[in-house]
Amino acid sequence: MQIIEFYGLPGSGKSTVCERVIKELRSGGNQVGDIDEYLKYCKGIKWVMRGLVSRNGVTFFSTALRTLRRKKLLFCRDVIVRILRVLQFYAYYDMCVKQKKYTYMLMDQAIIQGYISTFYDYTDMTAGDYRCVVKGISSYNFMSFYMDISPETASERIDMRGEEDHGRCDKIKDITSRIRILEVQAKNFDCGHSVFSNTHSSYKVDANLDIDEKVRFVLQKINKGFKRELK
């Protein structure tokens, strides 16, 4: 099973591109898992516990705790809760790999997005802070796409959403404060991409492309990666 994750600032098109790519892959006869399938199963503390006892999950969690301790965030409730949520994805991925039900698993809100978003604007991240993710996903056939977008554009798209809240930044109405937070997050996503591009197949999706072009770019990389795996 090839796991594909999308990550980036709010409004960068993660969900839109992910849904379009899923549709294209399914039209080709592929079995594709998505966030809706994940949400059917992963509810409650039992999935956190499953993540804690999985080999990949415990590797991620133990390394993440050292990062939180170093950054003095170990006793921040919001951070801990979000780290525990990430563990559920390890449990789910492990289950799907064993079941061999899917050819692809596409997620727009999973391990990478969940981990980097955990730090919000609390701290600037460095390359070493991503070690827990790199270690945790190392046994998976993993690919990721960084949906590039400027903080200013992200803020504008948050305003276009209206009253619907997708995340913490949606609740911040003061534009200056929101952009400041998005700038910190953008630096952290950029840093993460720099690390991931050296550890697994990770690609930056150009913000200047339209949606159709982004979908084609992602599909080309997925097909190329999968063909290489089959050789």
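Tutor: Let's start where the axes of H3 and H5 come within 7 Å and cross at roughly 70°. Helices here are DSSP runs of H or I with at least four residues, strands are runs of E with at least two, and both are numbered from the N terminus. An axis is a line fitted to C-alpha atoms, for helices over the stretch in contact, and angles between N-to-C directions run from 0 to 180 degrees. H3 and H5 are therefore roughly perpendicular to each other; the cut-offs are under 35 degrees for roughly parallel, over 145 for roughly antiparallel, 65 to 115 for roughly perpendicular, and oblique for the rest.

Keep in mind that this is a predicted model: local features need pLDDT of at least 70, side-chain atom pairs count only at pLDDT 80 or more, and totals for chains, interfaces and linings use all residues. Residues are numbered from 1 along each chain as its sequence is written, and side-chain values use heavy atoms, with hydrogens and water left out.

Who does the touching (heavy atoms within 4.5 Å)? From H3 come Trp-47, Val-48, Arg-50, Gly-51 and Leu-52, and they meet Leu-84, Leu-87, Gln-88, Ala-91, Tyr-92 and Met-95 of H5. That makes eight nonpolar residues, two polar and one charged. Nonpolar covers Ala, Val, Leu, Ile, Met, Phe, Trp, Tyr, Cys and Pro, charged covers Asp, Glu, Lys and Arg, and the others, Gly among them, are polar.

Now for another partner of H5. Its axis and that of helix H6 (residues 111-118) come within 9 Å and cross at roughly 170°, which means the two helices are roughly antiparallel. On the H5 side, the contact includes Phe-89, Tyr-90 and Tyr-93, while H6 brings Ile-111, Gly-114, Tyr-115 and Thr-118. This contact divides into eight nonpolar, two polar and one charged.

A pocket is an open set of points on a 1 Å grid over the protein atoms alone, where a 1.4 Å probe fits, with protein on both sides within 12 Å along at least five of seven lines; lining residues have an atom within 4 Å of a point. Of the 14 lining residues, Asn-56, Asp-94, Met-95, Val-97 and Lys-98 are closest to the pocket's centre. Helix H3 (45-53), helix H4 (55-70) and H5 each give two or more. By class, the lining has six nonpolar, four polar and four charged residues.

Last, the sheet. It is open, with five strands in the order E2-E3-E1-E4-E5 and parallel pairing; two strands pair if DSSP finds at least two bridges between them. At the edges, strand E2 (32-33) and strand E5 (201-205) each pair on one side only. Strand E1 (residues 2-7) and strand E4 (residues 141-147) are joined by six bridges, and Phe-6 stands opposite Phe-145 in E4. Helix H5 (residues 77-99) packs on this sheet, touching E1, E3 and E4, and its direction makes about 160° with that of E3.

Conventions: Contact = heavy atoms within 4.5 Å.
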